[in-house]
Each structure stands twice: as C-alpha cells, then as structure tokens.
Amino acid sequence: MIYLDNHSTTICDPLVVEAMLPWLTQDYGNPHSGHRAGVAAADAIDRSTKSVAKLIGASPETMVFTSGATEANNLAIRGVCLHPRQKRRHIVTVATEHPAVLDVCEDLKRDGFRVTVVPVIPAGSPKAGVVDLDRLADAIDDDTVIVSVMAANNEVGAIAPLYEIAELAHRHGALFHCDATQVIGRIPINIAAADIDLVSGSAHKFYGPKGIGLLVVGGGNRRVRLRPEIVGGGQQRGLRSGTMAPAMVVGLTRALEICSQSMESDRASVLAMRDRFWNRLRGGIEGVELNGPSLDGSERLVGNLNLRLASVEGETWMAAAPDVAFSTGSACSNVDPMPSHVLIAMGLSESEARRSARFGIGRFNTMVQIDRAADALIGAIDRLKKLI
Ligand SMILES: Cc1ncc(COP(=O)(O)O)c(C=O)c1O
C-alpha cells in the first residue's frame, strides 16, 4: 500500500512513539496527583505545553489539550457562543470548512444564532477555493460573535489570508477562530503575530498520535470567555475537565518539534514529489485537470493534489487502484455518499465533483513510491477505459 492520504491522517512518527512510551509504562502517574509520580507527569505536561506554545506563537496559559480538532472546534465555537454573558447572535463561517465547523454552526441555529456562510473564489481562478474576502467583509456585522475560517483546506489545500481575516473580524469586535488543523506542523504559524483569538489543531495530522489535539484560547489581543463543553474535575483551568494524558501530550509535542525542525526540508522534498506526481499523471491520463488554487502560487499546501478525471468517478478509480491510498472528498465524510461540499462550493457540478480525487503527499513518502503510485493509477485508468 502506498499511502498518499496525508490530509486524512499521517503515520505516527516512530520517534514520537518512542518519546511517548515511558509515560505509559514507567512514569504513569496521574498528572493531577500530588505525589512524585504525579508531579513528574505534570512537569512533562508543563514542559510540553511551553514547547508547543513557543512553536506556534502562543503563550502556555492559552493552551487547552483536547481529543482532536473536532473537539477543539466545538469548544471554540460553542464555547464562545454559549457563554452566559454572550449577547451577540451571529456566526460567520465559510462554505468549504470542515464538517467539524459547519455542523457546529448549523447546530447553533437551534439556540437562536444566525449563521452566514461565505463563499470561496470559484474554480478557474488561480485562487480557487480561497475565501472571498470582499464577501467575508460584507458578512461581518456588529452582532457577529465569531468568524470561523480554516487556515488551509483539507481537500484542495487552499491557504487563507489569516492576517486580513483577523483584521476584518476585529473591526466589528468579533472573535476570530481558525481551524489550523492542516497547517500546524506543515507551514509556520504565529498566532500572536496574526492576532488570532482561537486556534484548533490535531496531532494526527502532523505525525503525532490520533486522539489528541489542541485549542489556543485567547491567542490574540482580546479576552476570550468560553463556556466549557466538558465539566468534571476542573482540569485545564476548568475549560476541559478530565485527567490529562501525559503520553499523548508528549507525543503531540515531539511530533510538532520534529515538524518544526524539518519543515523547510520537508517542504522542498514534498514539493518535488508533488511536481513529479502531477507531471506523471498529467502525461499519462488524458483530460485530467487540477481542482483548487494554482500549483505555483503561495495559496496552496505543497503536498496537496486534487484532480478531476474526464470520465471516471473517483470512487471507481480508488477501487481499480487498491494499492494506493487516496480519497474522494474528506475522509471524515466518506461514509456520506454526497459529492464533496468543498468542490461544489467552488462551483463544480455534482458530476465533476464525483470525478475528483484527493492526494496528500507527506514527509514519509519517497520518489520511488510516487513513481509506483503514478504507474498504478495510470494503469487503473487504462484498464477502466477499456471497460467503458
Ligand atoms: C481541517 C480539519 N478540521 C478538523 C478535522 C477533524 O480533526 P480530528 O480528526 O482531530 O477531530 C480535520 C480532519 O480531517 C480537518 O482536516
């Protein structure tokens, strides 16, 4: 199996597993206990929190560890909107957000919130899939509680202009929440410099373990009041009760440290693999097109390729090339037979969306794998064409 689905999840780096193990088998104290074993675990969490905060431009006091980005997004948006002192009743988000944002906003309508879903720049433009800033500016008003825009899209890799979005949100006194799940560990982010109030992330997207994520609360210049989603022991300043998991926190931290150290070289090697992959597929598959922002601008994650076939559906392609792991639409909505809401939001027809496939190239891929995957994918299309 050649794994080219690194937007969906990534391998947990063996170095990360190694860093985690002692916190499961030797130093397994409860970090909230007062004895030596507990204090050792609490210290590890403390050191980790400081390291992660530094790497993303946040202060340690703003960090909350969650089970992943879905929980972080829920805590950010629901937490701000449902705080008892919240008077504003309008949420602004974008049509291509992950369901972990869109569904949360939709659900808040039942609590009396208005939701404006802003469109993205349509297919055909070099910035296809990037939020339309004019429409975003028009949508935000003095009743807007929160503006939730992702840092980079998980299907087409479109990167958002975070500084501009923060400015637009703050002009009206709204908070800016950014789902940075696809960006943390891949490209540099400085939350304080960009003045982002709330930021979500997830370790399994940057070679850490599944089951841990983070939310930065109050990363910008404004005070953020959150109503907790989970109450219990009052851990994490009462924002997320429950015994913290030292091994998971250490794993997330080690993963991010490694990503930060190798970010530039990873970017260069992933870019080279992406270019080779695209050139091979373009040369071998008639009529294949690119979905999303242009490959040569700075508006696209380098490891992302989202392709549209002339006559074969993505699902059929996947079935015909079982040795390559890729996806159609986002992994989390693969149970859903609907075509990708991201591609539809960019103006593609249902048929075009169904003929699309997403690839995510990552640090652990090699050129040899890229060539083998290209051979398998081109071969699959050749076989399918003979059947049509
Ligand atoms: C942009 C984005 N947000 C949120 C999530 C959900 O993350 P998690 O699996 O950590 O809940 C994903 C995962 O696909 C994602 O890509």
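Predicted model: local features only at pLDDT ≥ 70, side-chain atom pairs only at ≥ 80, totals over all residues.
1. In general, strands of a sheet pair through backbone hydrogen bonds, in either a parallel or an antiparallel arrangement.

2. Which residue of strand 10 is the bridge partner of Leu290? The partner is Leu307. Strand 9 and strand 10 (residues 304-308) pair in the antiparallel sense over two bridges.

3. There are 13 residues around the ligand, and those that come nearest are Thr70, Asp179, Gln182, Ser202 and Lys205. A polar side-chain atom of Thr70 is 2.6 Å from an oxygen atom of the ligand. For Gln182, a polar side-chain atom lies 2.8 Å from a ligand oxygen. Ala69 takes part through its backbone, with a polar atom 2.8 Å from an oxygen atom of the ligand. The ligand taken alone exposes 390 Å², of which the protein buries 90%.

4. Thr181 sits in the loop between strand 6 (175-179) and helix 8 (191-194). Is Thr181 buried or exposed? Thr181 has a relative accessible area of 8%, under the 20% limit, and therefore counts as buried. Its side chain makes a polar contact of 2.4 Å with the side chain of Asp179, a residue that is also among those nearest the ligand.

5. Apart from neighbours within four places in sequence, Thr181 is in contact with Ala69, Ser200, Gly201, Ser202 and Lys205.

6. Leu226 is in the loop between strand 8 (213-217) and helix 9. Leu226 is buried, with a relative accessible area of 9%. Once neighbours within four places in sequence are set aside, the contacts of Leu226 are Leu75, Ala76, Gly79, Val80, His83, Leu198, Leu215, Val217 and Leu239.

7. How many residues apart in sequence are Leu226 and Arg85? The two are separated by 141 residues in sequence, while their C-alpha atoms are 9.7 Å apart in space.

Technical notes. Residues numbered from 1 in each chain as written. Heavy atoms only, no water. Pairing = 2+ DSSP bridges. Helix = DSSP H or I, 4+ residues; strand = E, 2+ residues; numbered from the N terminus. Buried < 20%, exposed > 50% of the residue type's maximum accessible area, 1.4 Å probe, protein only. Polar contact = N/O pair within 3.5 Å; in protein donor to acceptor, adjacent residues only side chain to side chain. Contact = heavy atoms within 4.5 Å. Near = heavy atom within 4 Å. Areas by Shrake-Rupley, 256 points an atom, 1.4 Å probe, with all protein chains shown as cover.
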